[in-house]
Amino acid sequence: MAGTSTVTLRIWRGDATGGGFEDHEVEVSSGEVVLDVLHRIQATQAPDLAVRWNCKAGRCGSCSAEVNGMPRLTCMTRMNILDQTEPITVAPMRTFPIIKDLVTNVSFNYEMAKRVPAFQPKPKPPEGYRMAQQDIERVQEFRKCIECFLCQNVCHVIRDHEENKPQFAGPRLFIRYAELEMHPLDTGDRRELLQAQMGLGLCNITKCCSEVCPEEIHITDNGIIPLKERVVDRRYDPIAWLGRKIKMRRSGRAE
Amino acid sequence: MATVDDPEGLAESRSQGPRFQTLRRDAWWRPMLVTIAVLLGFIVYGTWVAFTNENYFVDPYVSPFYSPCLASNCEHATLPVIGDWWTLSPALLILPFPLGFRLTCYYYRKAYYRSFWLSPPACSVVEPHRSYTGETRFPLILQNVHRYFFYLALPFPIILFIDGIRAFFFPDGFGMGLGTLILLTNAVLLGAYTISCHSCRHLCGGHVDVFSRSPLRYRFWQFVSRLNIRHGEIAWVSLFGVALTDVYVRLVATGVISDPRLF
Amino acid sequence: MADHEVHEFDVIVIGAGGAGLRAAIEARAQGAKTAIVCKSLLGKAHTVMAEGGVAAALGTVYPEDNWKVHFRDTMRGGKMLNNWRLAQIHAQEAPERVLELEEWGALWDRTEDGRVLQRDFGGHRYARLAHVGDRTGLEMIRILQHKAVSMDIAVFMECTIVRLLKDGDRIAGAFGYWRESGKFVEFKAPAVVLATGGIGKAYKITSNSWEYTGDGHALGLWAGADLIDMEFVQFHPTGMVWPPSVMGILVTEGVRGDGGILRNESGERFMFRCIPEMFKAETADTEEEADRWFTDRKGARRPPDLLPRDEVARAIVAEIKEGRGTPHGGVYLDIASRRDPDYITRRLPGMYHQFKELADVDITKEPMEIGPTCHYVMGGLKVDAETAAATVPGLFAAGEVAGGMHGANRLGGNSLSDLLVFGRRAGLHGAGYARSIGARLEATSDQCEEIARDAVRPFDRSEGENPYGIQKELQDTMQTLVGIIRTEEELLKALDRLGELKERATHAVAEGNRLYNPGWHLALDLKSLLTVSEVTALAALERKESRGAQTRDDYPKMDPEFGKVNVVIRTKDGEPYVDQAPLEPLPQDLRELVEAT
């Protein structure tokens, strides 16, 4: 049953002024995840080791970090999938400013969330809204997002080019936009905003966001690419543009 | 892109965190190298095939690189709309279309941005470029015309399928050879690749917000979506398919092997 | 220390779970200048852990369902100890609150004809839980979060409140610190809404996260407010038991609602042996009838696996105690043999994922091993049913931190509806109260200074107690001595130990500096954790009967006399003491509803 072993965790310790990796030798029992081990270090060796966490069940998305270089939720990374013969590195998310140790300042994501134009529902009919299950399934996939920001962290557009941050909403926010654009009740049109100010065109669909998503949301295939196609409808496709014009003339509406 | 105001100071936001190329220990460079090798191989082979202008037809088989044949200098002209003033390889008349389709394909973009442009080389590995503008400027902004290449690429699998049907009709009558099967398989793979395209998925239903009001589009969209999940794999398999079909036709045409008749 | 940051608002809401967000949205909609202060990042609160659904008598699946039946189920589930007016308002307003979320973007799972689909849950007579797969709480918190973000509500994330401020006998604001920098911050506000959730971190095996340290309960009590029903701590019957590191993580009741059944080691469906008198008439007594119920609601009675949570948890504990448990000390929850894999992964994707990732168990092929886990506290601040006002002027409470709504035991799904209904009311009346006060209240500045001085004390010591060690001992004490089954002897022992721990906690030490220092944060959280643990034990000792979530081995029967009172905790000179207060009698027309079969 519960076998124990000793492993070395190489944890980045420091704050905004600097820091480096520190080794901690620690007991590990079978079935444990990286976060369990971080907690043990906190309780026995380094009480001030800063780690952000909440649910410890992969549902809140607080405990994101980079384990052996890969962005992961530490509460869902079992120790037995890692090579325990070598030190296991645990580093904070690289894309966001360090606060302390494994805790980063993720306010970038909240700022970008503020810029999302809110849901604009169709007027509610007296008997209430009716929606079919097939109308909402696409959007429900995006709502699985737990806002762990691993996709934002891994995205090279801002990970390697901080100067893009003010003009790039990032994968998390793209699926938020996708969720609104594909919502059966929403009447808004955020395509122009997406292309002009949210940096949809900066995404080169290299799919790292989808690779690291702990909820296995198909961020690129089901979110970003359909958004790009919708932007093409509006911006780059003369036939779609013509079709729209004709339709509009018929119904006598101005754009 | 115009200058963007940045009241929250988002641009300057990363400070003294760990600096490193990557902390990954797995062989993250392997998929990159494989992609480079395969794509380069195909480009070299494809270019040679396109220019050789021989050994692409052996009745009733035709290489997919040379079908449809639109020039009258063709060994098996499908639809000779181009007169005999065209003296180059007839393959050059048609190849730009499937090539453009693959070049702007969402899957291949991922593959070559990662492996050839190292942008990024792999997830959570630092990319070597100093600045980055993605697909916002010329020429990469042209990737947005992918759907037009989809329209242009759409006839190809149909024509190749007809080639496959024609491959039942040998000079000595009706029959089936290994080549018939290969041609048909190739046409099906190319069809799957074309239909599973992200633009196709959007055009046939993805743009609809309320599926329950467009049940037919919803069915199409579901069908394409199921294929689309495998778009990347189909892209590779169909690429090999085209090359291998050509190799087969070429080997039969040059007499290196003889085509086994199944009946 | 006088130069701390100061902010002024009309209403501040402490806690950013469902109740807090709903309160803030309503207060802001009323025009109040509103802030949310929360310990974690926005959107991480415990509401995300709610899986199964939100109870509201929409009547979409069963037109027979209406608020009266919901009210009846809630009162019976609560063993008639509920504040009837809270339960009534809750049942009446829940449908409106649930549908309102649709206007803000929520996408509940749908029926064939496009309305809100409802799911079965323990203790609810009809399928009544609006849901989104098994991630209902996540959907709700995200929708409320987006709504709040679009409304110009100030959000102070990762900011812990340590004390409420008072001007005379009225609330004047709150004082706390930024977790990130350790710097102090004062909020001046005439109205404070507590929406801090529960106390689950007082237990070792719990479905609750580190945040659940009973802050709101303690803040309210320290500010002079009354707590009621603190003896009623709900143990959810189904938490994970293996491997040890995931012990306590919740397994949704939806598993049973969708056909899962409980079995003991030998495969027996033991729940048929454990049907209490009160529910005999409405519970199936053969396996055949129980299975038929899933397709034939009229002709069959509900399976005993879907009895209220207190009954199921007790039955499981008894089963394990008598040696019929599984190797890892739980019982089996089996859906694999009952439903096909497609159905399971579609209806319970989160559970599938959770077991696969954390326990290497494929729930479409094997049964789960589960056991009770601390989940929810029914007790909380005594509130006025109409206004959600606590017993101190200017203080409001909503959600888990408020008491009385659920009586002795909460039905699954009633907490998500509770936090919408009373979150809104707390915001509404908090804003109204702030408007009526007009002028700013002032806390004396020495209040803040004293709190701040006290808070940094753990840094002054070079030697002392490790806060992690104290927390662990506290959790062990509560788990073993104030757990599911209690006796006077054990409760007295618990109070003794808690007294010791309280003393030791005053010597807790923090290493390093104030920058994001979890050791220090825990040392501060221990104060509220110890307070709520103590009052839970005190209340449990006072109620000399078994009812709902309180099971006393030394008083195994329900006592009608205790059915007429709430156990109340008040403070005198800063020390909590226990008292009893009579329940408001149930009006005749409502009594008839409850007694209807």
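**Group meeting: chain contacts and a helix pair**

Hi everyone, let me begin with chain B: of its 263 residues, 35% are buried. Before I go on, please keep in mind that this is a predicted model.

Staying with chain B for a moment, its secondary structure consists of 10 helices and four strands. If you walk along chain B from the N terminus, the order is α-β-β-α-α-α-α-α-β-β-α-α-α-α. Along the principal axes, the C-alpha atoms of chain B fill a box of roughly 75 × 50 × 40 Å. And if you take the contacts in chain B between residues at least 6 apart in sequence, 66% of them join residues at least 24 apart.

Now to chain A and its neighbours. How many residues of chain A are in contact with chain B? There are 55 from chain A, and they meet 46 residues of chain B. Several elements of chain A each supply at least two residues to that side, among them the strands β2 (18-29), β4 (70-73) and β5 (88-91). The most comes from α9(A), which gives seven residues. In terms of class, the side of chain A that touches chain B has 25 nonpolar, 15 polar and 15 charged residues.

Chain A also touches chain C, with 49 residues from chain A and 44 from chain C taking part. Here α1 (34-44), β6 (98-100), α2 and α3 of chain A each supply at least two residues. Which of the elements gives the most to this side of chain A? That is α3(A), with five residues. The classes on the side of chain A that touches chain C are 25 nonpolar, 11 polar and 13 charged residues.

Last stop, a helix pair inside chain C. For two packed helices, the description is the angle between the axes together with the distance between them. In chain C, the axes of helix α1 (residues 18-29) and helix α12 (residues 414-437) come within 7 Å and cross at roughly 35°. Is the crossing of α1(C) and α12(C) left-handed or right-handed? It is right-handed. If you'd like to find the contact on screen, α1(C) contributes residues including Gly18(C), Ala19(C), Arg22(C) and Ala23(C). From α12(C), look for Leu416(C), Leu419(C), Phe422(C) and Gly423(C), among others. By class, this contact of α1(C) with α12(C) has 12 nonpolar, four polar and three charged residues.

How values were computed:
Residues numbered from 1 in each chain as written. Chains lettered and ligands numbered in written order. Predicted model: local features only at pLDDT ≥ 70, side-chain atom pairs only at ≥ 80, totals over all residues. Contact = placed C-beta atoms within 7 Å. Nonpolar A, V, L, I, M, F, W, Y, C, P; charged D, E, K, R; others polar. Buried ≥ 20, exposed ≤ 12 C-beta atoms within 10 Å, placed from the backbone. Axes fitted to C-alpha atoms, helices over the stretch in contact; angles between N-to-C directions. Left-handed = near helix turned anticlockwise from the far one by under 90°.
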